[in-house]
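My notes follow in the order I looked things up.

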Amino acid sequence: MDVRLTHLPEPPDPRPGREPQVAVIALGSNEGDRGETLRAAAERLRRLPLVDDVVMSDPIESVAVKLDGPDPDAPRYLNAVALVTTRLAPQVLLGMMHAVEEEQGRVRRERWGDRTLDLDLIAYGDFRSSDEHLQVPHPRAAERLFVLEPWLSLAPDAVLPGAGRVDELVRRLKDEP
């Protein structure tokens, strides 16, 4: 009896999906133990399915920004940026980010109000969407030093799609009167 061993093809990846992309996620908190909230949120992002890596910047403190501008009387924010390598679709990632916010006690009482945790999808590779529920890149990211500076600390050559190099955006914002 002639027994021939044939090479079987590799089984398909049990986690099919898109090619890994780097998503830029801004984290902010101005209620409760802000530092612990940011740390726990980054750890929760790390445990999401199809997430391969999460690198978070050191946090910085910033004044709260409300609908009508900076509010020095509101509790100050602790902000950070995470670079998340993922194969999740941007829409799915955003939905999971909202779930993480809720797990950390976020209640959506008012737009731009105080919160235990705010997660914003700033960029997702070169992906762009102007859909009402998925605006990527984030429409106000280029105006926010509390997003750009932590991002720049992680990725000195970072580019915000449609706006330009992050280092140039930071320079321009710091030069404004």
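Helix pair. I started with H3 and H4, whose crossing is left-handed. This is a predicted model, so I am reading computed geometry throughout. The axes of H3 (residues 145–154) and H4 (residues 166–175) come within 9 Å and cross at roughly 140°. Over 145 would have counted as roughly antiparallel, so I logged the two helices as oblique to each other. On the H3 side I listed Leu-145, Leu-148, Glu-149, Trp-151 and Leu-152. H4 brings Val-166, Asp-167, Leu-169, Val-170, Leu-173 and Lys-174 to the contact.

Whole chain. The chain has 177 residues, and 43% of them are buried. I also checked how far contacts reach along the sequence. Of those with a separation of 6 or more, 66% are between residues 24 or more positions apart.

Cores. Which residues have the most contacts inside the largest nonpolar core? I found Ile-25, Val-84, Leu-93, Met-97, Leu-119 and Leu-121, in a core of 25 residues. A separate, second core holds 18 residues, including Phe-146, Ala-155, Val-166 and Val-170. Beyond four places in sequence, the contacts of Ile-25 include Leu-45, Ala-80, Val-84, Leu-93, Met-97, Leu-119 and Leu-121. Asp-120 is also among the contacts of Ile-25.

Asn-79. I wanted to see what this strand E6 residue does with its side chain. Asn-79 counts as buried because its relative accessibility is 5%. The Asn-79 side chain makes a polar contact of 2.5 Å with the side chain of Ser-62. Setting aside residues up to four places away, I found Asn-79 touching Leu-27, Gly-28, Leu-38, Asp-58, Pro-59, Ile-60, Ser-62 and Phe-146.

Arg-115. Buried or exposed? I had this one down for a check, and Arg-115 counts as buried, since its relative accessibility is 9%. Arg-115 sits in the loop between H2 (90–103) and E7 (118–124). The side chains of Arg-115 and Asp-118 are joined by a polar contact of 3.1 Å.

Tyr-124. I moved on to this residue in strand E7. Tyr-124 has 2% relative accessibility, so it counts as buried. What does its side chain reach? A polar atom of the Tyr-124 side chain lies 2.5 Å from the backbone oxygen of Leu-88. I noted that Tyr-124 and Ala-89 are 35 residues apart in sequence, with their C-alpha atoms 9.3 Å apart in space. Among the other contacts of Tyr-124 are Arg-18, Gln-21, Val-22, Ala-23, Thr-86, Pro-90, Leu-93 and Val-136.

Most peptide bonds are trans, and most residues other than glycine have a negative phi. I flagged the bond joining Val-136 and Pro-137, which is cis with omega about -5°. Pro-137 falls in the loop between E9 and H3. I also flagged Leu-50, which is not a glycine and yet has a positive phi of about 65°. Leu-50 is placed in the loop between H1 and E2. With 16% relative accessibility, under the 20% cut-off, Leu-50 therefore counts as buried.

Note on methods:
Residues are numbered from 1 along each chain as its sequence is written. This is a predicted model: local features need pLDDT of at least 70, side-chain atom pairs count only at pLDDT 80 or more; totals for chains, interfaces and linings use all residues. Side-chain values use heavy atoms; hydrogens and water are left out. Helices (H or I, at least four residues) and strands (E, at least two) are DSSP runs, numbered from the N terminus. Buried means under 20% relative accessible area, exposed over 50%, partly exposed in between (1.4 Å probe, protein chains only). A polar contact is a pair of N or O atoms within 3.5 Å; within protein, one must be able to donate a hydrogen and the other to accept it, and residues adjacent in sequence count only if both atoms are side-chain atoms. A nonpolar core is a set of buried Ala, Val, Leu, Ile, Met, Phe, Trp, Tyr and Cys residues joined through side-chain atoms within 4.5 Å. Contact means heavy atoms within 4.5 Å. Axes are lines fitted to C-alpha atoms, for helices over the stretch in contact, and angles run from 0 to 180 degrees between N-to-C directions. Angles under 35 degrees count as roughly parallel, over 145 as roughly antiparallel, 65 to 115 as roughly perpendicular and the rest as oblique. A crossing is left-handed if the near helix is turned anticlockwise from the far one by less than a right angle, and right-handed if clockwise.
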